[in-house]
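Dear colleague,

I am passing on a structure to you, together with some notes on its aromatic side chains. Please read the notes with the model open beside them.

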Amino acid sequence: MGQLFEEIDESLRRWIEAQPMWFVATAPLAADGRVNVSPRGSDSFSVLGPHRVGWVDLTGSGVETIAHLRENGRICLMFASFDRRPRIVRLHGQGHVHVPGTAAFAEVSALHPDHPSTRAVITVDVERVSDSCGWGVPVMDLVTEERDLMRLFAEKKGPDGMDDYRVERNTNSIDGLLGL
């Protein structure tokens, strides 16, 4: 059953980085604010150390994760195995948003392929590492293939069009918190 880990060791790092998809959960401080859970994937996630992870954040239709992190930093990442061997790993910590031109943005983005939709880098100072059984997660066959829709969308819009899109869609969260 579940256990706590002191850190992300080499074995856990390999398992985490092998997962093709993970989930990000954040929430605003306001009691009536909306909790957000977002799926993530593609070659964008890295374990940066025993207590630090990061990923390249691609432009989306909203900006909840960034807005919540800017307000309070609280974050939980969840990785789940969908193959025959069940497992769930959660990383709780304090998240930070890094925009182009910052050292952390350069550090993390250099570890992954360029993407025309990149808007930021998120790093997390991991305070709690735990796993659980994952027995309730279904076994599913994985088609290891990236969707190209986001890349095609961003390429069609071009850099200026993406900037305009972010101003329109990523300035504020659905609760009115500052995004980008």
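A residue is called buried here when its relative accessible area is under 20%, exposed when that area is over 50%, and partly exposed in between. Tyr 165, at 14% relative accessibility, therefore counts as buried, whereas Phe 153, at 36%, counts as partly exposed. Please keep in mind that this is a predicted model.

With ring centres required to lie within 6.5 Å of each other, the count comes to five aromatic pairs. One of them is formed by Trp 22 and Phe 79, whose rings are 6.0 Å apart centre to centre with 20° between the planes; because planes under 30 degrees apart count as stacked, this pair is described as stacked. Trp 22 belongs to strand E2 (residues 21-26) and Phe 79 to strand E6 (residues 74-80), so the contact ties together parts that are 57 residues apart in sequence. Both partners are buried, Trp 22 with a relative accessible area of 1% and Phe 79 with one of 0%.

Phe 153 and Tyr 165 make up another aromatic pair, with 5.3 Å between the centres and 75° between the planes, and since planes over 60 degrees apart count as edge-to-face, that is the label the pair receives.

Two further items concern the rings. Trp 22 and Phe 79 also belong to a cluster, linked by ring pairs, that includes Phe 45 and Trp 55. Finally, Arg 87 lies over the face of Trp 15, at 5.2 Å from the ring centre.

Technical notes:
Residues numbered from 1 in each chain as written. Predicted model: local features only at pLDDT ≥ 70, side-chain atom pairs only at ≥ 80, totals over all residues. Heavy atoms only, no water. Helix = DSSP H or I, 4+ residues; strand = E, 2+ residues; numbered from the N terminus. Buried < 20%, exposed > 50% of the residue type's maximum accessible area, 1.4 Å probe, protein only. Lys NZ or Arg CZ within 6 Å of the ring centre and 35° of its normal.
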